[in-house]
Structure formats: structure tokens, C-alpha cells
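Dear colleague,

Please find below the structure I wished to hand over to you. My notes on its contacts follow.

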Amino acid sequence: MNPSLSRSVAIVGVAESDLGKVPGKSALELQGQAALLALADAGLKLADVDGVFAHTDDRFSSLQVSEFLGLRPRFVDSTNVGGMSNLLHVQRAMAAIAAGMCEVALITYGSTQLSDGSRKGGAVAADLPHTPRGQFILPYGHLSPIGYYAMVAQLHMHRYGTTPHDLAEVAVAARRWAQLNPKAYRREPTSLDEVMASPLVAEPLRQRDCCLVTDGGGAMVVVSAERARDLRQPPVYVLGAAETHAHHYTPFNTGDWLDTGVAPTAEAAFAMAGVTREDIDVVQIYDHFTIGVIQSLEELGFCKRGEGGAFVADGALAPGGRLPVNTSGGGLSYGHPGMFGMFVAIEAVRQLRGECGERQVPDARLALCHAPGLVFSCNTTLILGV
Amino acid sequence: MPEPQRPLPQPTDLTRPYWEAAAMGELHLQRCGACGRWQFYPRPFCLACESGELHWQRASGLGKVYTYTVNHRAPNPFMKARLPYVVAIVELDEGPRLMANVLGATSADMAIGRRVQITFEPVADGLALPQCSLLADGAAA
């Protein structure tokens, strides 16, 4: 993105809806609940909103959300690129605001995958039998996404000697953060042994290497830097933002599967922000699977390639560790309503505002948010700061 | 009770030569007449040089395990009856990678880099899935 847009917009309101098991509310209603809370957080009203960015299982979700909230926006975007979609929406809002297409952007997400007993969003056009995925993947009983991450873990272990113990460190660190977050869904203590003793799902990944399945929604409000100055909360500026795209569930490329496109995305975001990795105080990574965090930390440049296992050892990511990662408890322990990008950004904003109580990272000024979409298909990095 | 159905591919005009060859027990891939590269899955142009001069050619059917996983859960009732089973990404000697189950293999047999041979599993009338089996350790690399 054009570096001149750095600090041009701020996230001024964030909220999650009811989270965990939320029977009796639809995904749309969860989005509405989060939207009203995020606007109240910003000190704005529904009538101020003129841009709506949303994705759910509905293909036309920005229209659905607009109608439900009684909005008549002049700009909408329902782009769905999987779990990172809401981080991408922050960039889209920045572009739309710069182009004068909207002034107050409302970004929402919601899912009832736990109450539904399934991931409704999983049944998509890609599953039709004539698509590349339908012809060359689905007949083989591959579990997606976990099967792909299992394959990446296998490759990482083979090449670098990463162990199940290293993977478990990521899950235990997430739980230790969740214990400090009253909103987290799973807060009971856990140990490395417990994670490593949980049932295998797709070798080498076990049940406790996987994110939770919960209901929940979230919302963010993005406005121009000028407008942000007069609002209720201290503005959290978008310093850097970048996205790259490559696949659609079928990574049959001849490239290295441990190069998942994170590095160039992060590089572009850092260049736009004009900061370095050493400047970052807190890191939020979409943790669908433990290996994803190790892999992302390497590709983001927080450690060298192949050293992710050693980097996360001895509680390095946990409270008091060398790098605060996923301080909400992440998808592994805070909650995971299907697509976690929204919640990656919400926690980063709260850390930068200094409102995280027991889990607050002292003097957090700069946060990095990273999320992929589908499986190694695309990436978004945001660098946020106050 | 009816047998659980496996998700089956539905060939298109573009991919039909691949599936027709598989039904005959042969692995055929696209190869570019301009730059000579092999590619999978089929496209109407060469991913390397954008030439449209693609033709189908029989591949060796030999390759190695690029990476794999062993499933302890299955996405459908058909595969559930086969648990645990191996899903691998096979790097063919010609270059392209494809997905296949490693038939008859257990977790203890598997390793990245092991040599495999493409085999064919009949799954419906006139339809066979390219699969693979492990070659003996020490088989020509």
C-alpha cells in the first residue's frame, strides 16, 4: 500500500459479541450486537456509518448487515478470503477512506459454528466435484485445513528437528494468557504433557494443537486520522498494511511449503510502517494450529528459519516471556468463531490502549497483527500503533 | 444400509485426458511444447511461460514423498472406514506435485523423501484415482 497512507486512518472502536456457546442467536445477530458495542466504544452512532465491511457464511454479508442495522452505506465490501478477511477489510477501509468513498467504516464478523455443530462456512463452491479441489483433493479424504498444517508440521520436523513438545509450548502459552483474560472461553490450567497426550487428529497434530470451535462475533470501527482525534478512545493508527494472495485450497506449487507467503507480506507492511521487528511490543498471530504460530514467527522474521521450535521453548510466548504473542489466549484458548482475523485485531487495539488489565503488556506502543486465509492461500499483515 | 459414498471427481473437458488415462492405469500430465515444463493440475496455458501449446504426455509414475500426514479422523463416512490412512503430497520425477493416499502404508512406514510409485484405484465405472505405494527402501532415487 502507498506509504503515504501510513497513519491516515485509526481503529477507534472494537468489541466482541457474546462469545463461546451462544445458542439462540444467529451469526447476523452476533454481528449486530458487536457492531453496536464497537460504535458505543468509539462514541459514534449508527447514523455516522457510511461504509460497511462484513463477511460471514452469507455471500452478501455486507448488505445483510447493512439492512439489519438499518444503514444506507455508500460503500460496502463483502470480500471473503478466509480467516484474515477482517484484517484485509481494515486495508480496504483505509483505501476507501483515502478515496473519499466513505468516512466511517464499520467492519463486522459473526459465526455460530459451535451451536450449529459444524462449520457451515466449510461447504462452499470449492467443494463442487468439478473444481480443482473437488477433483484433486476431496477424493483423498484430506482434512482441510488441519491436514495442510499437519503436512507443514511434518516438513518442519523433518527439516529442522521441531518436536511435539515445541508445538505444545504454543498451546500452553496461549492458555496461560487466557487465564488472565476474563472473556476467554477456556481458562483452566493445562500442561505440556496434557497437550501432548491429547488424541491425534492428523499426525503430528493433536486435538490440543487445534484452535477451539466457538460461536461469536466482533466489530471494529475505522475512521480517518483527523476524525479520530475527537472521538472517545485514543486512536490506534494503522501504520503499515499489506496483503498477498496465491492459492485457493490447492497448494500444488513447486515452491517450498515452509515459505507460505508471510515474509513478503510482512516485509511490505514493515516498509510502509517504517518500523522494525525490534520495535514491536506485542504480536497477534492467527493461531488456528500451534505449528502456524511457529511457522509465522519464522516467516515474520522474529526468529531465523528453522529456529521457531527453539524460539517458543520455555514459555517464551507466555506472560513474562521474551515476546508477548496472542495475549487474549488466541484461537487456541480465547475463542475461535470460524475466522479469527477480527479477534487478532481487537486484542491488538486493546493492548495499545492499555486496557488489558492483568494481561496488559507494559508500555505497548506498537503491535503486529498477522493472519493467513484459507490454507497458505493469502496473507495480511497490519502494524498498528498509538 | 447403502455403502457410504466417496466424493468423486467430475472431469471437465480440460481435465478429461487425465482421468481417461487414469482409468487405463496410466498417469498422463500436461507438458508445455514451448518450454518443456510439466504441470499439474491442468490449465489451458503453461504456468511457466504462458504458452498455450500444451499436450498430454505419459509420466513415469515415479516420485517421492514431499510431505504427508496420517489421518486419525476423516471428513466423510467412506474414509472413516479406512482410518488411519496416509495422505501425501507426491513430488513426481517430472517436477509437479499431486495428492494421493499411500495405500497399505502405516505411520511407521512413512518418511519424507521415500520413493513412491503411482498406482490406480478403481472407484467407479470408468473412473480410477491416481494413488501411490511406497517403493522398497533403497529403491533407485
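How many salt bridges are counted between chain B and chain A? The count is 0. Please bear in mind that this is a predicted model.

**Between the chains**

Although salt bridges number 0 between chain B and chain A, 20 residue pairs there are in polar contact, both residues of each pair being at pLDDT 80 or more. On the side of chain B that touches chain A, the elements giving two or more residues are helix 1 (16-23), strand 4 (62-71), strand 5 (85-92), strand 6 (97-101) and strand 8 (127-134) of chain B. Strand 4 of chain B gives the most to this side, namely 6 residues. Sorted by class, the side of chain B that touches chain A holds 26 nonpolar, 11 polar and 3 charged residues.

As to extent, 40 residues from chain B and 33 residues from chain A take part in the contact. Chain B and chain A bury about 3,100 Å² between them, and carbon and sulfur atoms give 61% of that area. Of the area that chain B buries against chain A, 22% is supplied by B:R73, B:R97 and B:M99, more than by any other three residues.

**Within chain A**

The domain assignment divides chain A into domain 1 (3-115 + 215-236) and domain 2 (141-208 + 240-385). Their C-alpha centres lie 23 Å apart. In the contact between these domains, 42 residues of domain 1 of chain A meet 39 residues of domain 2 of chain A. The two domains bury about 3,000 Å² between them, with 67% of it on carbon and sulfur atoms.

Here the count of salt bridges is 4. In chain A, the side chains of A:R350 and A:E16 also meet in a salt bridge, at 2.7 Å from N to O. Between domain 1 and domain 2 of chain A, 14 residue pairs are in polar contact, both residues at pLDDT 80 or more.

Which elements give two or more residues to the side of domain 1 of chain A that touches domain 2 of chain A? They are strand 1 (9-16), helix 3 (85-98), strand 4 (104-111), helix 4 (113-116) and strand 7 (216-224) of chain A. The largest share, 7 residues, comes from helix 3 of chain A. By class, this side of domain 1 of chain A comprises 21 nonpolar, 16 polar and 5 charged residues.

Yours sincerely

Methods: Residues numbered from 1 in each chain as written. Chains lettered and ligands numbered in written order. Predicted model: local features only at pLDDT ≥ 70, side-chain atom pairs only at ≥ 80, totals over all residues. Heavy atoms only, no water. Domains from an automatic or database assignment. Contact = heavy atoms within 4.5 Å. Buried area = accessible area lost by both parts, 1.4 Å probe. Polar contact = N/O pair within 3.5 Å; in protein donor to acceptor, adjacent residues only side chain to side chain. Helix = DSSP H or I, 4+ residues; strand = E, 2+ residues; numbered from the N terminus. Nonpolar A, V, L, I, M, F, W, Y, C, P; charged D, E, K, R; others polar.
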